[in-house]
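Here are a few notes to read alongside the model.

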Amino acid sequence: MSIVLLMNFINYGFVLFFGIVAALYLADFPFGEHKKFYMLTILGFGAIQLLFYLAMGESALYKCYPLLIHLPLILLIRFVLHRNLYISMIAVLSAYLLCTPRKMFGTFVAFFFDYDPLVSDIATTLITIPLLCIVINYIAPYVIKLKYESKIILFLFFLLPLAYYILEYSFTVYTSLLYTGGALVADFLDSFLVCLYFILSILTIDISSQRNKVAQENLLLTTVTSQAKMEITQLSQLQKQTAIYRHDLKHHMNFLKNCIEQNKTDEALHYIHEICTNLTHTTGTK
């Protein structure tokens, strides 16, 4: 086996490793807690890829990747890890999308060596682990939060990697239109990406606007509820105070009635004077 073929084979192993680990992390299934599952999954898919590579060759493997690797990985995340179907597809398609910087780095380095495939494979292999660390530490934590979002948000987030996946396989794997289609394909891709951007932007703004409206309504409702509770508390305190005043008034009237019945006018007048003095001191009025 030549060094070029060997490095190409190693590169396929690294891209499989990258895709599986990235997809599982994006599906909120970290390595630290599930080492055995990671090992079995990587070894299982690796064996399938190896046998297919040796039996059918690189070209056939590349074209059969969706059915051979991607779809089974989606089903694995959905039915074995019990993740939402949208989350399962987003995890796998996003992992595929994140392979693009890896491939681009290899092409960039190979550019200085007349696009030598050996150099490209070496550079792509070397960037795998650093790029995977970036995905795990800085991208996965945000994608994981999608599990708390509505199906509409999940669908919108799902559209971009799905569109890229379809275009990539349509124009570079199953055909070579991206490189031979000329201006027509370039204009189509530009138009498609622009339309997709505006569609996603409009829908995102609409959803954000609805959320803000609901948040404002909830804030208003909370304010009204708090005010109502405060008024109910004040009313309850007023009722208690009124009951105290009613009891005191009844006591005053009974005392004055007894004074009048017993012709104790001076005592009644003195009592009334004391009450007025107390009221003056309490209210601060004259």
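1. A word on the basis. This is a predicted model, in which local features need pLDDT of at least 70 and side-chain atom pairs count only at pLDDT 80 or more, while totals for chains, interfaces and linings use all residues. Residues are numbered from 1 along each chain as its sequence is written, and side-chain values use heavy atoms, with hydrogens and water left out.

2. The largest pocket holds about 1,100 Å³ of space. A pocket here is an open set of points on a 1 Å grid over the protein atoms alone, where a 1.4 Å probe fits, with protein on both sides within 12 Å along at least five of seven lines; lining residues have an atom within 4 Å of a point. Points are joined across faces, edges and corners, and the volume is the space filled by probe spheres set on them.

3. Its lining has 41 residues, with Tyr62, Tyr96, Cys99, Lys103 and Glu168 nearest the centre. Among the elements giving two or more residues to this lining are α1 (3–26), α5 (99–111) and α9 (183–261); helices are DSSP runs (H or I, at least four residues), numbered from the N terminus. By class, the lining has 27 nonpolar, nine polar and five charged residues, where Ala, Val, Leu, Ile, Met, Phe, Trp, Tyr, Cys and Pro count as nonpolar, Asp, Glu, Lys and Arg as charged, and the others, Gly among them, as polar.

4. The second largest pocket has a volume of about 310 Å³. Eleven residues line this pocket, and Tyr245, Asp248, His252, Ile275 and Leu279 are the closest to its centre. Helices α9 and α10 (265–283) each give two or more residues to the lining, and the largest share, six residues, is from α9.

5. Do look down the axis of α5. Cys99, Arg102, Gly106 and Ala110 are buried in this helix (under 20% relative accessible area, 1.4 Å probe, protein chains only). The buried residues fall within an arc of 70 degrees, so they line one face of α5; the arc is that of the directions from the helix axis to the C-beta atoms. These buried residues pack against α1, α4 and α6.

6. Finally, what does Thr41 touch beyond its neighbours within four places in sequence? Thr41 lies in α2 (residues 35–56) and is buried, with a relative accessible area of 7%. Its contacts (heavy atoms within 4.5 Å) include Ile20 and Leu76.

Notes
Buried < 20%, exposed > 50% of the residue type's maximum accessible area, 1.4 Å probe, protein only.
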